[in-house]
Amino acid sequence: MNDSSWGAPPRPDSWGTPEGPSQGAFPAGPAYDAYDAPPVSRTQQMPLVPDPGTAAAGRDAPHHLGAALPGGPDFRDEPPQEPMASPPPVPPVPAQPEKKKAGRDLRSAIGVGVGLGAVIVASLFIVKAVFVGVIAVAVVVGLWELTSRLQERKQIKAPLVPLAVGGAAMVVAGYVSGAEGAWVAMALTALAVLVWRMTEPPENYLRDVTAGVFAAFYVPFLATFVAMLLTADDGPWRVLTFLLLTVVSDTGAYAIGWRFGKHKLAPRISPGKTREGLFGAVSFAMVAGALCMEFLIDDGTWWQGLLLGLAVAASATLGDLGESMIKRDLGIKDMGTLLPGHGGIMDRLDSLLPTAPVVWLLLAVFVGTA
């Protein structure tokens, strides 16, 4: 085949016009010989069969294969496929109101509370000296918990030995000699803390002794007022009144706050406490105070009990918030794990310790110290 014939211009005698061939004639001449002429056939051309990979590509297949694919432009007799209907939307499930849960194991808490109450009452009404020993033991354990948490969380080394010895002596001195003996024992304990800390390097000396003096005042000195309540003729009933009012105040705050609490009392210190809980503490404590002063305390009257209950609710709440402040600063939930359902000893002394001097003072004003 001559390659130059592909570029030769069409001749007028075979094409008719330079623009194209005449109707019914095939071009002739060297540009279209018998070998190059397209064959005349009556057979219909078979459609192209798409490559399997191309057919699987769906819409990505080339445009010229559209007639060979089912659903393409040459298959107009087939009805178009209906698009799959999307499933009906599922209606949202309404959120169930979250049930309030107690923060602790109530069974363990109640069991431990009943056991401690039995020990306290038995020692209180059988031999007063045994109850003084119970106070001293509670003070030593509380000091151990407090100093341990200070060292673990803040690296504050408040000396435990002089605190424990001085704390126990403070309780005994308060029972034997009253307020004067308690103050003297407190001063000697603070001096012992200062001297004991001198046996270690001077770094952080001021910080450690400050924490030690604070611990001596916070735990044993305040607990000494419980021993001083015991020295009166009706001392066991005074101590029982003090314990009952504090427990009733805490119970009222918990019960009312858990059921009706909506407005936070001090969210930055203790998010669980509410104003409704404080109202419950005051109400319960005032009713219990009126009953205790009328039936348990010699020469007491119901209206004095109302004032006593109000003061106990206030001091117990402040004491609870005070220890919550300490625990929040230390980054802990409980001071210890000695009492299942309660935490540590200090977690039960938090409201008792600041309430003891308040009850001692008001009873001294109302009915005297004898």
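Visitor: Where does the kink of about 30 degrees lie in helix 6?
Guide: A bend at a residue is the angle between axes fitted to the seven residues ending there and the seven starting there. In helix 6 that kink is at Phe-217, shortly before the proline Pro-220. Helices here are DSSP runs (H or I, at least four residues), numbered from the N terminus. Do keep in mind that this is a predicted model, where local features need pLDDT of at least 70, side-chain atom pairs count only at pLDDT 80 or more, and totals for chains, interfaces and linings use all residues. Residues are numbered from 1 along each chain as its sequence is written, and side-chain values use heavy atoms, without hydrogens and water.

Visitor: How many residues of helix 6 are buried?
Guide: Buried means under 20% relative accessible area, exposed over 50%, and partly exposed in between (1.4 Å probe, protein chains only). Helix 6 is mostly covered, with 18 of its 25 residues buried.

Visitor: Which residues link up with Asp-208 in a network of salt bridges?
Guide: A salt bridge puts a side-chain nitrogen of Lys or Arg within 4 Å of a carboxyl oxygen of Asp or Glu. Here Arg-197 and Arg-207 join Asp-208 in such a network. The closest N and O atoms of Asp-208 and Arg-197 are 2.8 Å apart. Because Asp-208 lies in helix 6 and Arg-197 in helix 5 (residues 160-197), this pair ties together parts eleven residues apart in sequence. With Arg-207, the N to O distance is 3.5 Å.

Visitor: Is Arg-207 buried or partly exposed?
Guide: Arg-207 is partly exposed, at a relative accessible area of 32%, whereas Asp-208 is buried, at 1%.

Notes:
Helices (H or I, at least four residues) and strands (E, at least two) are DSSP runs, numbered from the N terminus.
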